[in-house]
Each structure stands twice: as C-alpha cells, then as structure tokens.
Amino acid sequence: MAERTPPPTYDEAMKFAKPGSAPHPSQAQPQVQVVLEQTFSPFPQRMICPSCHAEVETRVKYRPNTNTHLIALLLCFLFWPCALYPYCIDTCQDAMHYCSSCGAYLGTYTN
C-alpha cells in the first residue's frame with residue numbers, strides 16, 4: 001500500500017497563494033445587517049420606502065375590520081340611525097399604508 005503524504009502546513013500553503021487573495025483569519029470581519037421594524041399610526045407618516053428607497057409620506061387607505069362591524073352591530077341595536085358611523089370614521093378602521101411614489105404596500109395599523 002502506498003504511503004500518503006500529509007497535507008501542507010499553513011505556512012507552506014500560503015507560499016503559493018496570491019498576495020491579498022485570502023484574508024488572514026484575524027482580519028475577517030463579520031457583516032451585520034440591522035433590520036428595524038416599522039411601526040405605523042392611523043395617519044400618513046414620513047418614512048423611507050423599502051422598495052424604491054425614496055423618502056415619502058405614506059398614502060393611507062382605510063378598511064373596515066371586525067371591530068368596525070361589531071360596533072356597527074351594537075349601534076344598530078342601541079341607536080339604529082348611527083349604525084353606519086363606524087364606516088365613516090377613519091379611526092374605527094384599519095389604516096393600510098402605501099408608498100406614495102411606487103405604490104408598494106408598507107404595512108397596516110390595526111386598532
């Protein structure tokens with residue numbers, strides 16, 4: 001059976017490496033990416049769009065949610081002429097934020 005030759009030592013291997021091709025282990029720096037969670041309000045707000053990277057004021061569309069329907073149902077039983085008011089009041093609905101530049105969906109504020 002043939003004898004195996006041991007692999008070269010680190011110093012021997014580095015003799016054949018091109019200068020600057022392999023970083024020294026103590027020089028390697030980890031890359032850290034910080035991701036911040038955006039919190040939304042029921043009103044338009046200024047932010048940087050993650051899609052188009054423009055600083056914009058968000059465009060808000062309001063959408064009824066379960067609470068809106070429950071309040072309307074309660075008002076229907078208590079005082080029926082006011083039953084549709086929750087659908088007319090923006091703060092009783094979810095606020096869906098969109099980029100005013102590219103139209104991308106950014107997030108939702110839920111009451």
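**Predicted fold and local contacts of the protein**

From the N terminus on, the elements of the protein follow the order α-β-β-β-α-α-β-β, which amounts to three helices and five strands; helices (H or I, at least four residues) and strands (E, at least two) are DSSP runs numbered from the N terminus. The model is predicted, and local features were therefore considered at pLDDT of at least 70 and side-chain atom pairs only at pLDDT 80 or more, while totals for chains, interfaces and linings use all residues. Residues are numbered from 1 along each chain as its sequence is written, and side-chain values use heavy atoms, with hydrogens and water left out.

Of the 111 residues in the protein, 22% are buried, where buried means under 20% relative accessible area, exposed over 50%, and partly exposed in between (1.4 Å probe, protein chains only). The protein exposes about 9,200 Å², of which carbon and sulfur atoms supply 60%; accessible areas come from the Shrake-Rupley method with a 1.4 Å probe, and for residues only the protein chains shown count as cover. Among the contacts in the protein with a separation of 6 or more, 49% join residues 24 or more positions apart, a contact being defined by heavy atoms within 4.5 Å.

The loop between α1 (10-16) and β1 (46-48) contains Q45, and P42 is also placed in the loop between α1 and β1. Q45 is buried, with a relative accessible area of 13%, and its side chain reaches the backbone oxygen of T39 at 3.2 Å. This is a polar contact, that is, a pair of N or O atoms within 3.5 Å in which, within protein, one must be able to donate a hydrogen and the other to accept it, residues adjacent in sequence counting only if both atoms are side-chain atoms. When neighbours within four places in sequence are set aside, Q45 is in contact with Q38, T39, F40, V56, E57, T58 and H97. P42 counts as buried at 15% relative accessibility, and, with residues up to four places away in sequence not counted, P42 touches V60, Y62, A95 and Y109. P42 and Y109 are 67 residues apart in sequence, yet their C-alpha atoms are 5.9 Å apart in space.

T68 is buried at 0% relative accessibility, whereas T66 is exposed with a relative accessible area of 56%. Apart from neighbours within four places in sequence, T68 is in contact with P86, Y87, C92 and Q93. Q93 itself is found in the loop between α3 (85-88) and β4 (94-98) and is buried, with a relative accessible area of 4%. The side chain of Q93 reaches the backbone oxygen of Y87 at 2.8 Å, and the contacts of Q93 beyond four places in sequence comprise Y62, R63, P64, N65, T68, P86, Y87, C88 and N111. Between Q93 and P64, which are 29 residues apart along the chain, the C-alpha separation is 4.6 Å; between T66 and Q93, which are 27 residues apart, the corresponding value is 8.8 Å.

One aromatic pair is present in the structure. Y98 and Y105 form this pair in an edge-to-face arrangement, at 5.7 Å centre to centre and with 65° between the planes; rings of Phe, Tyr and Trp (its six-membered ring) pair if their centres lie within 6.5 Å, and planes under 30 degrees apart count as stacked, over 60 as edge-to-face and the rest as tilted. Y98 counts as buried at 16% relative accessibility, whereas Y105 is partly exposed, with a relative accessible area of 46%.

In the loop between β1 and β2 (55-57), H53 has a positive phi of about 60° although it is not a glycine. Most residues other than glycine have a negative phi. H53 is exposed, with a relative accessible area of 62%.

UniProt lists residues 69-87 as "transmembrane region" in an unreviewed entry, and such annotations may be inferred rather than shown by experiment, with positions given in the numbering used here and feature names shortened. In the model, the chain over residues 69-87 is 68% helix and 0% strand, and the end C-alpha atoms are 8 Å apart.
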